[in-house]
Amino acid sequence: MNVADTEIVLGILNNKGYSQTNNADEADVVLFNTCSIRENAEQRIYGRLGNFKNLKALKPDLVVGILGCMAERLRKDLVEQKSIVDLVVGPDEYRRLPELIDVAYNGDKGIGVKLSRTETYDDIIPHREDGLSAWISVMRGCDKFCTFCVVPFTRGRERSRALSSVVDEICELSERGFKEISLLGQNVNSYKDGDKDFADLLAASAEVNRSVRIRFTTSHPQDLSDKLLYTIAEHSNICNYIHLPVQSGSDRILKLMNRTYTIGHYLKLIEKARKIIPGVSFSTDIISGFPTETFEDHIMTLDVMRQVRYDGAYMFKYSPREGTKAYAMKDDVAEETKSKRLQEIIDIQQQISYEINQELIGTEDIVLVEGVSRKSNDFLAGRTDTNKVVIFPNQDGIEAGDYLKIKIKRATQATLFGELVKAVKLNNNNLALIA
Ligand code: SAH
Ligand code: SF4
């Protein structure tokens, strides 16, 4: 999401004649696009600000700005307590950046932290480097108010972009050669444009070009609709991969988190999705050590992981965030207990991912080639529709962006290794025909 927002910021600044440098010494303006979701994300930014102290001392005119959720959350504290910060701009005020940079350049502090009920940056053309994969924020904000989460406070109320403008953007990206588009929102099930919902947006996105893969994240388990599941099943280029964060396996904890579903509902949803979309894979987010979490609650989380058998998971220790409801509860799970439980969660997930990948040995799948593998030019790397990395021998004539049929020969917990089945490129074909 922050990558997508940074591209919007670059779009706005490029329009005003700014250009980007990757060398901080050359920069007149340095902007940090920040995340407040957990304490360690904020600590990293403080660390990086520290690294800029020397540069600022050498170049007093340098404008240093904090963008995004930390700007929204910490506002004036940042400019008052961190003397090198000249600019603080929240996620809904990026249009004012050129004006606020001028304010900072002239020696005042540039502050823009109002949240909006309508801003979607619909008309801004994000600045993207050429490539295969692009991210498009289709909605902003969140109205769910999970008790642990700072997002509703830092990114404001839910609002959606117009369906037609998202589709136009996908058309342009497809013409530029992009092959994979990820539609982003904190809770994409709430997407709305008049009488069109997220399933309609997904279908319209998939129909732009049947050889462009469409991914999306994140779905909230409370209101993932049947219509959405059927839409995924009906379109071969909508990836069979659903990120469906469960957070905890205990109904008591889910209630305290205000997640608004029970594990019973969640497991039924998984079962239904597997019936409607054969071969669908799931990933999840899990928090260990939410206030009052007992050993029994933790065991229930491990049980759900074993029942669902996720392909992947993002796993976190609970981090209290000021202003949230959970912040008022006592952070009463000891740090070592949180760490120990997190490690058990990670170990189980690694074991499950390994087993799932072993079962894929001998199967064939279509892989979108991303380029040479990180370790060697003799190998190429690509991804399956279910978001698994596949490594296979490089061959003349294969390029990034090609679709190839690969037979899986070997697998680790994180990676599949295979070989080309057909010496034919499946590029520019209709993915429906290939599958
Ligand atoms: N909108 C998405 C999540 C966005 S935040 C959803 O509802 O699923 C990404 C993940 O960060 C969350 O799913 C949660 O697992 C984690 N997270 C959010 N706040 C957290 C906190 N205070 N401590 C630890 N993890 C947190
Ligand atoms: Fe945060 Fe919950 Fe909204 Fe996700 S759905 S962004 S976890 S409040």
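Mentor: Around ligand 2 stand Cys-142, Lys-144, Phe-145, Cys-146, Phe-148, Cys-149, Val-151, Pro-152, Gln-186 and Arg-259, a residue being near a molecule if one of its heavy atoms lies within 4 Å of it. This is a predicted model, in which local features need pLDDT of at least 70 and side-chain atom pairs count only at pLDDT 80 or more, whereas totals for chains, interfaces and linings use all residues. Residues are numbered from 1 along each chain as its sequence is written, chains are lettered from A and ligands numbered from 1 in the order in which they are written, and side-chain values use heavy atoms, with hydrogens and water left out.

By class, the shell of ligand 2 comprises 7 nonpolar, 1 polar and 2 charged residues; Ala, Val, Leu, Ile, Met, Phe, Trp, Tyr, Cys and Pro count as nonpolar, Asp, Glu, Lys and Arg as charged, and the others, Gly among them, as polar.

Turning to the helices, H8 (residues 198–208) and H9 (residues 226–234) have axes that come within 9 Å and cross at roughly 10 degrees. Helices (H or I, at least four residues) and strands (E, at least two) are DSSP runs, numbered from the N terminus; axes are lines fitted to C-alpha atoms, for helices over the stretch in contact, and angles run from 0 to 180 degrees between N-to-C directions. H8 is therefore roughly parallel to H9, as angles under 35 degrees count as roughly parallel, over 145 as roughly antiparallel, 65 to 115 as roughly perpendicular and the rest as oblique. Phe-198, Ala-199, Asp-200, Leu-202 and Ala-203 of H8 meet Lys-227, Leu-228, Thr-231 and Ile-232 of H9, contact meaning heavy atoms within 4.5 Å. This contact of H8 with H9 has 6 nonpolar, 1 polar and 2 charged residues.

Helices H12 (residues 295–308) and H13 (residues 335–359) pack at about 15 degrees, their axes 10 Å apart, which means that H12 is roughly parallel to H13. Phe-295, His-298, Thr-301, Leu-302, Met-305 and Arg-306 of H12 make the contact with Arg-341, Glu-344, Ile-345, Ile-348, Gln-349 and Ile-352 of H13. Here the classes number 6 nonpolar, 3 polar and 3 charged.

Among the strands, S15 (residues 364–372) pairs with S18 (residues 403–411) in the antiparallel sense over 5 bridges, where pairing requires that DSSP find at least two bridges. Val-367 has Leu-404 of S18 as its bridge partner. S18 also runs antiparallel to S19 (residues 415–420), joined by 5 bridges, and Ile-408 is bridged to Gly-418 in S19. A hairpin with 3 residues between its strands is formed by S18 and S19.
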